[in-house]
Every structure is written in C-alpha cells, then in structure tokens.
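Colleague: Could you take a close look at the charged side chains in this model and tell me which of them are paired, and where the pairs sit? I would like one connected account, please.

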Amino acid sequence: MTPSPHATEATDAAAVTDERLEELVRDACAAPSMHNTQPWAYVFHRRSGVLELLADAARTLPEEDPRRRALHIGCGAALFNLRVSAARAGLHAWVSPLPPATGGDVLAAVRLRAGEVEREAATLHPAVAERRTNRGPYEETRIPGVIREQLGRAAAVERARLVFPEGWHYRMVLDLLADAEAGETTAHRAEEQAWLRAEETAADGIPRTALGPRMREGEAPVREFGEHPDGPWADFEREPQLALILTRRDEPADWLAAGQALQRVLLTATRAGLSAAPVTRALEHPSLRWLLRDPSEGPGHVQMVLRMGYGPSVPLSTGRRTPDEVLTFRD
C-alpha cells in the first residue's frame, strides 16, 4: 500500500534529524555516474521537510552529454540509493520528479517521513556499499535464467524494461559498441581525460588504477580511456553478456526513472554475486543509440547498456564527495 503524500510537517521533522539526513545523502552519493562526475546536489528545507535533488551545473559533460541525459540517469541512481537508505531507516521517501514550480536544475523533491517503507528496497541496502563498476574481464559462465528474471523485474518496478539481446540483435549491439569506441572524437576524448585521476583517494572522477586492463583477446565492449601504455593486458569474454535498459519515452522524467531502474538492477545484481560495468560510448552518439534497440520488441529508447557477468572482486570503491560538500540546509 502506498502511503498518502499528505504527512504533517511535525511528523516529518521528528523523523528526519540532520544526522539522519546526512546518512541518507552519504548513501545516495555512492551511486554511479558517468566518469564519476557525481552531478548532484541536495537542499533540505527545514520548514517544509522537503529534500530537493538538483543537478550540479559545474559537473556537466557538454561534449559527451549535451542533453544532460546521462546526468539525469546518474541523479536517478542517487535518488534510488536515497530511497533504499530511507527504507532501511524506517522512512518512506515520497518522490515528486521535476516539480513544475521550481527551476530547471531541480530534478526531484523528496518528502521523508516515518511510516510504511519500501521493504524490498530496504533489503538492498548492504549492496549500496558493495556495488562496484568492474572493468576487468568476466568469466564465460552464463547468468542463470532465474537471475535474469529477477533483474528484469527490478527494472520493471521502476517503469523501465531490461532486455538481454540475442541473435542478430546481440550481434548488432556488439558491432555498434565497437563502432562507437573506434569513432571517438578528439573533443570527447579530452572531456573524458579531464575526469581521470592519478590519486586513488580523489573525491571524484576515475582513478587510473580503476580503469582495468586493456583487452588482448575477446569481444567485450571495453572503454579504452585513451592511452595508458603502462597498463596490463588481459583476455576478456569471447561472448560478453549484455543488457539494455529501455524506457517508453525519452524525456527528462524518463531519464530520471531510468537511473532509478539502473541502480535497482545494479544493487540486485550485486546481491546475486554479479559484476557489471556501464557501456555508454554508443549512447553518446544519437544515430548509434537509436540503432541499439530491437524494433520487433515495440517502442522504446535505450538508456543504458550494461556488460554483466561474474568478474573478479573490486576491493576499492572510487572516491565520493561527502554530505558536507553536496548538502545544504535552509529554513
């Protein structure tokens, strides 16, 4: 049963202390985002008890993400983490995406209150800290059908669809991903390089130690991240397992929903012992992105491509900004 959104401010204020809010935002910040830009900010309005999720305009990718679609997906993933953390804390997160009365950088308003919680979301909380983007080679072991079904249901709960392409569609997706990697522009490469970090302890961006090895053999769609001649080589999967996340429409609200679906899928996969890595290069080219879908499966827009499977452990997570850096309190 979905609780009523008309909770009293007194109940909300009693349920959400500053310390609790910081815990929720810390979990939200563990979400993935393109190049680990972490393009989010939060404003908590004490009087109304509303937490706003905003896009951080200083962390956009104008060359690779000019429509800010990937930004919305990253913020949607953070929003789902917030919901998971709230559920674990006994709070329900009532989300209103894209409030019409606020500015363009406000992506969602969240009212947190005690009461009925998202029980299934709460069970995913341990995976928030465990999830990693795994850029290494995976085993050839196939993902069991029962787990594929679980991942599909996870996407459907968030109004999205998860598809494991097969046959000619699978071959076409692999070819498009390879074409996108080969066709990277100079401007894209420069923007990508700006988010690489030499230090493992950097608060954002991708440490060079997290790039993974270069592919010697295999067909896995692996982002090269430019030249790193000192990096190791490895054999990757001959038949990589790919999954597509689609939404029916292609508007900002759909991108935000796709981000929540992506994170629910990733946390569900983590809990099942799977590794995953986003494959976004083809999504950065509108002509290639359109070709990724299978028209025989009906309407839909591909929002994310994932490489999934059973990979080596990734002991270190990439850096994250702290609640002090992303959360503002207002009366």
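Modeller: The model is a predicted one, and its secondary structure comes to eleven helices and 13 strands. For 331 residues a compact globule would have a radius of gyration near 20 Å, and the value of 19 Å found for the protein agrees with that. Of these residues 54% count as buried, and 76% of the contacts with a separation of 6 or more join residues 24 or more positions apart.

Turning to charge, the protein carries 40 positive and 48 negative side chains, the centres of the two sets lying 3 Å apart, and a search of the whole structure finds 28 salt bridges. One of them joins D331 to R46, with the closest N and O atoms 3.8 Å apart. This pair links distant parts of the chain, since D331 belongs to the segment after strand 13 (327–330) whereas R46 lies in the loop between strand 1 (40–45) and strand 2 (50–55), 285 residues apart. D331 is exposed, with a relative accessible area of 72%, while R46 counts as partly exposed at 36%.

E297 lies in the loop between helix 10 (286–291) and strand 12 (301–309) and R161 in strand 5 (residues 161–163), so the pair ties together parts that are 136 residues apart in sequence. Both partners are partly exposed, E297 with a relative accessible area of 38% and R161 with 29%.

The side chains of E116 and R119 also meet in a salt bridge, here at 2.7 Å from N to O; E116 is partly exposed at 31% relative accessible area, and R119 is exposed at 57%. Beyond such pairs, there is a network of salt bridges that links E64, E181, E184, R189, E192, R223, R281 and E284.

D254, in helix 9 (residues 252–271), deserves a separate word. This residue is buried yet has no salt bridge, and the nearest side chain of opposite charge, that of R249, is 4.0 Å away. Leaving aside residues up to four places away in sequence, D254 touches T247 and R249, so that R249 is a contact of D254 within the 4.5 Å limit for contacts although D254 has no salt bridge.

How values were computed: Residues numbered from 1 in each chain as written. Predicted model: local features only at pLDDT ≥ 70, side-chain atom pairs only at ≥ 80, totals over all residues. Heavy atoms only, no water. Helix = DSSP H or I, 4+ residues; strand = E, 2+ residues; numbered from the N terminus. Rg over C-alpha atoms; globule rule 2.2 N^0.38 Å. Buried < 20%, exposed > 50% of the residue type's maximum accessible area, 1.4 Å probe, protein only. Lys, Arg positive; Asp, Glu negative; His and termini not counted. Charge placed at Lys NZ, Arg CZ, Asp CG, Glu CD.
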